[in-house]
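Let me put the structure up, and then I'll walk you through the bits I'd like you to look at.

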Amino acid sequence: MPSIRTVPHWTAHPSFVASRRLPATSSRARPSRRKNCSSSPGVGSAANRPKRETWSSERKSTGMNRNVGLLTRRYSPSHRTGIKIAVLPPKPGRILPEGHHLREKIMHFDHERIPERVVHARGAAAHGVFQGYGTATGVTKAAFLAKDAETPVFVRFSTVLGSRGSADTVRDTRGFATKFYTDEGVFDLVGNNIPVFFIQDAIKFPDVIHAGKPHPDREIPQAQSAHDTFWDFVSLHTEATHHTLWNMSDRGIPRSYRTMEGFGVHTFRLVNAEGDGTLVKFHWKPKLGVHSLVWEEAQIAAGVDPDFHRRDLADAIEAGAFPQWELGIQTFPDTPEQTFAGIDLLDPTKLVPEELAPVQPIGLLTLNANPSNYFAETEQVAFHVGHLVPGIDVTDDPLLQGRLFSYLDTQLTRLGGPNFGQLPINRTHAPVNDMLRDGMHQTAVHRGVAPYRPNSLDGGCPFLAGADAGAFIEVPAHVAESRKVREALASFDDHFRQPRLFWLSMTPPEREHIIAAYTFELGKCYEQAIKERALAILANIDPQLSDRVAAGLSLPAPAAPSRLLDPEPSLALSQLGGTWPSDGRVIGIVTDSATDLDGIRSVRQAVLDAGMVPLVVAPAGGTIAAGGESITVQRTFATARSIEFDALLVAGVPGRGADAYGARDAQAADAAPSAADPRLVLLLAEAFRHGKAIGLWAGADTILSPAGIPADAPGVVHSETGSSTLEQVAQLLGAHRVWERFPAGIWPPH
Ligand code: HDE
């Protein structure tokens with residue numbers, strides 16, 4: 001017979017009480033911070049976030065052991081005050097029937113996942129601050145845009161099509177959503193990195209997304225537009241031509257979130273203190289310029305570092321290279337027609353060229369802190385285009401009207417009920433006085449008895465605030481007498497003028513990239529009819545484009561359209577031709593123990609001083625000793641790929657033999673003791689092919705020939721010292737890439 005004994009009441013056990021402490025929220029997992037772990041650092045709190053000293057310092061495990069519920073408890077007589085149960089003879093490892101710790105832990109674990117976003121599932125985010133310039137006060141009364149007003153923000157960048165675990169660098173549109181925690185409530189600017197959208201009518205949104213997502217039978221391909229259903233949809237909806245062209249351009253594969261433009265896409269209405277309306281389009285302009293990957297880099301990154309953009313953003317912020325964007329507006333008179341220069345401002349497939357309506361800067365965004373917890377912040381943040389503040393209103397853009405419904409509705413499934421606004425990351429920083437009550441996950445303890453309006457029991461609260469109390473008041477609109485029909489306006493019919501405008505605004509290397517992208521994507525389609533239909537659309541953009549893509553697909557060139565439009569190009573749409581700051585650029589410094597280590601040390605410092613990020617690359621990890629000091633190796637030949645670097649600096653004479661490049665890697669040295677390390681050769685060859693500046697000193701030129709790089713190629717600089725090499729490379733970085741190296745790179749084009 002098993003013996004009978006008592007087990008403790010669960011609250012009494014000290015080990016259990018200890019184990020119930022909430023886990024620390026620090027994602028940074030630094031041993032030094034453990035003792036300061038707190039469960040709620042506060043929304044947007046940057047104070048607790050230390051900076052990393054180096055770009056690549058290793059993240060160490062906290063060593064925190066959350067093994068709540070392991071069978072390590074012992075019951076002492078003092079705890080024998082609870083329920084009586086039977087205890088079997090002890091057997092090591094047996095789970096006790098009273099394992100409520102186990103159940104609680106497993107129960108919680110079983111429910112750790114929530115549905116990912118139906119679109120924009122893959123994302124990365126950061127906290128920051130927005131500072132108003134005061135230049136918009138003539139057109140809006142929004143208080144956060146006043147001069148020097150500072151507002152905490154949370155920004156989430158995303159891809160659209162891929163699942164939460166998909167690769168960052170796929171060809172896709174990127175989301176750029178900003179939550180401003182203003183004193184007047186939350187304002188969400190939920191934009192993209194492309195200024196136009198696929199469709200004009202919200203009812204088509206599920207269709208375009210179904211077409212872009214993986215096929216429903218096999219659930220492939222993941223995070224790709226290069227498949228039949230996507231091209232079927234966009235070739236059947238000519239209104240999608242403009243957005244698709246942007247996707248096929250370099251804008252579809254950004255270098256970094258830090259180098260992406262952002263657009264509100266729709267036309268919004270600003271309202272000033274006098275109640276006058278102005279129509280506007282919002283733009284985010286990155287201080288670092290707009291830069292993209294080349295397609296081969298994007299593909300390599302998707303394999304060797306699927307977190308490429310997420311890592312880049314987090315590392316830059318942690319290194320103190322805070323990315324910045326200026327918020328700007330294009331303004332248009334608020335006329336009943338709502339058109340400007342013949343462009344229907346309510347058509348989201350159209351942009352307004354900056355040459356016609358310049359972007360006027362109204363404030364500065366700085367991202368200066370990484371989230372502390374991915375789930376609590378980046379995953380649970382809920383943006384909504386209807387989160388507006390007095391002075392900013394929506395227009396009748398039919399796509400925007402559809403979004404006003406969707407962004408609330410989607411959270412009911414994703415975040416499990418109507419109280420998602422109470423999650424710390426979503427909470428407004430302004431006082432709330434509403435009569436929203438109860439529901440799943442209600443965390444507020446509301447007082448009073450009269451959550452209705454008007455009331456005479458709770459002192460009249462909540463009351464309806466008026467303009468004098470800073471309330472959001474809809475601008476009265478004149479509605480012309482008309483007929484209500486489900487039909488698009490004639491002004492929405494022009495689907496090719498602006499795609500052609502975009503094409504004509506591109507430089508030759510950018511056009512080459514577009515041709516290659518269409519050829520790749522349509523080449524991945526199986527259906528001949530879809531390819532032919534897509535080619536017929538391209539002919540309306542430009543015969544050079546359609547003919548070259550047709551040739552790449554071995555299909556007949558489509559018939560030229562009866563009339564080709566000739567809009568004025570907008571040079572602001574090209575990413576090339578400017579000079580940008582090199583802050584935050586990543587410089588690979590390739591070295592070995594046998595090379596000029598003093599020079600390396602001073603170059604590394606000079607890179608840091610210039611606001612760039614040095615990454616020392618050596619054959620193997622650890623440190624390299626130099627003059628009694630050592631340099632930490634951050635990437636090895638095994639872990640470095642050229643995609644990570646904006647430029648390479650190479651010191652020394654690779655392949656000099658046993659003490660030179662590759663010698664510390666026994667395998668490589670055995671294979672070819674006197675040859676350059678093949679991984680180094682690959683690194684250089686790729687950097688060259690991708691148009692990156694390459695600087696060499698201390699005799700490193702000998703690596704060029706094995707890498708197939710002509711010594712006098714553009715953007716390859718040689719010098720006596722590391723510092724003069726760096727100077728020349730920094731100059732080249734201003735143009736982002738050495739564009740002269742690209743095929744057909746007839747440069748300058750304009
Ligand atoms: Fe979205 N979109 N969208 N969208 N969108 C969502 O909302 C939707 C559109 C954009 O980082 C969803 O909370 C409809 C345009 C971004 O959390 C969903 C239509 C633009 C994000 C939704 C559009 C966007 C979303 C999914 C057509 C650029 C990510 C999860 C009528 C101006 C926000 C969520 C984040 C997310 C619906 C069109 C940008 C389903 C119905 C145009 C950046 O509500």
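So, of the 750 residues in the protein, 43% count as buried. By buried I mean 20 or more other C-beta atoms within 10 Å of the residue's own; exposed is 12 or fewer, partly exposed is in between, and the C-beta atoms are placed from the backbone. Before I go on: this is a predicted model, where local features need pLDDT of at least 70, side-chain atom pairs count only at pLDDT 80 or more, and totals for chains, interfaces and linings use all residues. Numbering starts from 1 along each chain as its sequence is written.

On the overall fold, there are 17 helices and 22 strands. Those are DSSP runs, numbered from the N terminus: H or I with at least four residues for helices, E with at least two for strands. Now take contacts between residues at least 6 apart in sequence: 74% of them join residues at least 24 apart. Contact here means C-beta atoms, placed from the backbone, within 7 Å.

Okay, the ligand. Which residues come nearest to it? There are 26 residues around the ligand, and the nearest are His-120, Gly-175, Ala-202, Val-265 and Gly-402. Being near means that the C-beta atom, placed from the backbone, lies within 6 Å. At least two shell residues each come from strands S4 (150-159), S5 (174-182) and S6 (185-192) and from helix H9 (398-414). H9 gives the most, six residues. By type, the shell has 14 nonpolar, nine polar and three charged residues.

Val-265 sits in the loop between strand S7 (262-263) and strand S8 (268-271). Buried or exposed, this Val-265? Buried, because 23 other C-beta atoms lie within 10 Å.

Asp-438 is another non-glycine with a positive phi, near 60°. You'll find Asp-438 in the loop between H9 and H10. This one is exposed, because it has 10 other C-beta atoms within 10 Å.

One joins Ile-220 and Pro-221, with omega about -5°, and Pro-221 is in the loop between helices H3 (205-212) and H4 (228-236). Cys-461 to Pro-462 is cis as well, omega near -5°, and Pro-462 lies in the loop between H9 and helix H10 (497-505).

Notes:
Ala, Val, Leu, Ile, Met, Phe, Trp, Tyr, Cys and Pro count as nonpolar, Asp, Glu, Lys and Arg as charged, and the others, Gly among them, as polar. Two residues are in contact if their C-beta atoms, placed from the backbone, lie within 7 Å.
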